[in-house]
Amino acid sequence: MTNSINELIDSNVILIAGSNTTENHPVIGAKIRQAKKKGAKIIVADPRKIDISDDADIFLQINPGTNIALWNAMMNYIISEKLEAAEYVKERTENYGELVSTVADFTPETAAEICGVSAEDIKAAARMYAEAAKGAIVYCMGVTQHSTGTEGVMSMANLALLCGNIGIESGGVNPLRGQNNVQGACDMGGLPGTYPGYQKVNDPAVKEKFEKAWGVELSDQPGITLTEIVHNAGHGDIKLLYIMGENPMVSDPDLTHVEEALKNTEFLVVQDIFLTETAQLADVVLPATSFAEKDGTFSNTERRVQMVRKAIEPIGGSKPDWQILADLLNKLGIEGNYATPEEIFAEICAVTPSYGGITYGRLNELGSLQWPCPTTDHTGTKYLHSGKCARGLGLFKPAVFKPSAEVPDADYPVIMTTGRVLYHYHTRTMTGKVDGLNAMSPESFVEINPDAARKLSIVEGDKVKISTRRGSVVATAKVTPKLKENVIFMPFHFADGAANTLTNPVLDPIAKIPEYKSCAAKIEKVAWDWSEKTDQIS
């Protein structure tokens, strides 16, 4: 996030895109509702009529995969109506001419046809956002999980720059992280091309610094992403795979292929707190501790570094992740490494400028700090790019709309999109073990529009088969007006009736994220097996 969570309360306009905020990030959703009570206007762009859309002043129920067309049309209208922040654009940005040229063809009328919403609503949303003194964009994986996801994020950044909303309080472009400490994992170098603090592995100065700090020779070649690793494992190119706290047997696209790939891996190690669907395929399982059994830090979606303190001793011989890795290093002959999490954190801060002023002592005293925090007398950074962008001038990176990799056809006539529900968390590794949550959301389901259901003779509670080019699953039908007639929705939490058996593994070429949010599908009612029913009755 360029800005902080509490800043949303004082935003004048909040544009929510591809985020079911009140269900998936309830605390942040509550802040947005506080802003609404203070007079903020809310714009929601989403294929589903989600909970927060009831609070929206403008709801744009766009077709899945059409985000870029919408942003380009809003910018087209803002420029044509001279609503842009002209002085800001002149003084603080570059490449504006290319933006103007790119969005010229994306009139609201053109985008209305692509997105499936009215041109007047697009114009109204553009004017509302452009005229706000403090406009915040909030987004989540409904924007990123497309074959054009990176360009979708860049397009929102273009919109924010165009209206002068970068580098101001209560503005910005604010992604909401899908799991706790995802931000921290990325901060610590859990990405294929960076060391901690997003320092590039192919930067000679960075390479030299880390070689000196660690006393080893390092490669200057970026690695590959999770989805690429699974693909390569399926082709026999990955011999050893070490998975920590991840459950790709539920969370990855095209699960049939994922299972084949993991079974094809010569040596599979899984480190987790439960025996997940992925861990059941492992050659070795290393039992790790939960958050309540370890010390350390988490970094949340607003770049806030916070202490995590052990509440109980590890159960059943499990160990904290850092201790397992330290023990493994010792077994590999790299001895005398780390003794405590604080020692590890001190090393991180010594080689990571954005964490340079954060210490356990300061965190214990202050409770938390937001990076960048370069020195020990720095108070942390509430919002980014104040005065000027970190790179100097804000760079417009315009993109032309491209359809999803799969669009409906005669064989697969509807668009399937996926997401989460309030009661479960990711792959249910933890929430699936809570009786109360299972009672609220016990099984996989598919949402279908009432008109579409009527044409297929489907009623609420029917078992239906959902199919894509990757396979088929059976789930329970939920008939709801939340969706357009040509769109269906499935939550991805459930291993039985798994939505990700169906999703498209095609990747965004830049970030290499799969297109979870849009693929061509068909849905049909499941015929009863009367012999089976007779056996049950007898």
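Start at the end of a helix. Gly215 follows α11 and has a positive phi, near 65°. Helices here are DSSP runs of H or I with at least four residues, strands are runs of E with at least two, and both are numbered from the N terminus.

Ground rules. This is a predicted model, where local features need pLDDT of at least 70, side-chain atom pairs need 80 or more, and totals for chains, interfaces and linings use all residues. Numbering runs from 1 along each chain as its sequence is written, and side-chain values use heavy atoms, without hydrogens or water.

Back to α11, residues 204–214. Its N-terminal end is capped by Asp203, with a side-chain oxygen 2.9 Å from the backbone nitrogen of Ala205. A polar contact is an N or O pair within 3.5 Å; within protein, one atom must be able to donate a hydrogen and the other to accept it, and sequence neighbours count only if both atoms are side-chain atoms.

Which residues of α11 are buried? Val206, Phe210 and Glu211. Buried is under 20% relative accessible area, exposed over 50%, partly exposed in between, with a 1.4 Å probe on protein chains only. Down the axis of α11, the buried residues fall within an arc of 130°, so they line one face. That arc is taken from axis-to-C-beta directions. Pro204, Ala205, Glu208 and Lys212 are exposed on the other side. The buried residues of α11 pack against β7, β8 and α16. Contact means heavy atoms within 4.5 Å.

Next, a loop. Asn449 sits between β17 and α19. Its relative accessibility is 9%, so Asn449 counts as buried. The Asn449 side chain reaches the backbone nitrogen of Asp451 at 2.7 Å. Leaving out residues up to four places away in sequence, Asn449 touches Val479, Thr480, Leu483, Lys484 and Glu485.

Of its 23 lining residues, Asn24, His25, Arg177, Gln179 and Asn180 are the closest to the centre. For the method: on a 1 Å grid over protein atoms alone, a pocket is an open set with protein on both sides within 12 Å along at least five of seven lines, and lining residues have an atom within 4 Å of a point.

Notes: 1 Å grid on protein atoms, 1.4 Å probe; cavity = no way out; pocket = protein on both sides within 12 Å on 5 of 7 lines; lining within 4 Å.
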